[in-house]
Amino acid sequence: MTRLIELTKRVQLENDLESLETILHLFEPKMKQSLLQTNYQEREDLLQELQIKTIDIIQNYDWTKGYTFWEYTEKLQSEFYSTYQEAN
């Protein structure tokens with residue numbers, strides 16, 4: 001976990017694209033496994049969307065607050081769903 005936070009810091013503070021690529025590579029197996037539940041024709045597009053969302057999370061993650069990466073992701077999901085439910 002410490003490695004992930006260090007990579008995230010490098011992306012945010014130094015705009016280190018190599019660190020960003022490393023993070024995306026670390027998450028790629030999970031993304032691809034999740035995509036097995038979708039149609040084959042849509043997987044490439046959805047993989048790109050997952051990568052874009054992951055980059056967004058990395059760039060906006062506040063490592064000074066003490067959230068773990070997963071806690072932060074869950075926080076964003078709950079905020080998204082509550083906003084979505086309020087809109088509908």
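Mentor: Buried means under 20% relative accessible area, exposed over 50%, and partly exposed in between (1.4 Å probe, protein chains only). By that scale Leu50, at 33% relative accessibility, counts as partly exposed. The model is a predicted one, in which local features need pLDDT of at least 70 and side-chain atom pairs count only at pLDDT 80 or more, while totals for chains, interfaces and linings use all residues. Residues are numbered from 1 along each chain as its sequence is written, and side-chain values use heavy atoms, with hydrogens and water left out.

Leu50 lies in helix H3, where helices (H or I, at least four residues) and strands (E, at least two) are DSSP runs numbered from the N terminus. The chain has four helices and zero strands, and its pattern along the sequence is α-α-α-α. Of its 88 residues, 22% count as buried.

Leu50 and Glu28 are 22 residues apart in sequence and 9.4 Å apart in space, C-alpha to C-alpha. Ser34 belongs to helix H2 and is partly exposed, with a relative accessible area of 30%.

Between helix H2 (17-35) and helix H3 (43-60) runs a loop that contains Glu42. Glu42 is partly exposed, its relative accessible area being 41%. Together with Glu44, Asp45 and Glu49, Glu42 forms a patch of negative charge on the surface. Such a patch is made of residues with over 30% relative accessible area and no salt bridge, like charges being joined within 9 Å; a salt bridge is a side-chain nitrogen of Lys or Arg within 4 Å of a carboxyl oxygen of Asp or Glu. The place of a charge is taken as CG of Asp or CD of Glu.

At the other end of helix H2, Ser19 is placed within the helix and is buried because its relative accessible area is 2%. Asn15 sits in the loop between helix H1 (2-14) and H2, and is exposed at 56% relative accessible area. Its phi is near 50 degrees, a positive value in a residue other than glycine. Most residues other than glycine have a negative phi.

Technical notes:
Patches are made of residues with over 30% relative accessible area and no salt bridge: like charges are joined within 9 Å, nonpolar side chains (Val, Leu, Ile, Met, Phe, Trp, Tyr) within 5 Å. Accessible areas come from the Shrake-Rupley method with a 1.4 Å probe; for residues, only the protein chains shown count as cover. Lys and Arg count as positive and Asp and Glu as negative; His and the chain ends are not counted.
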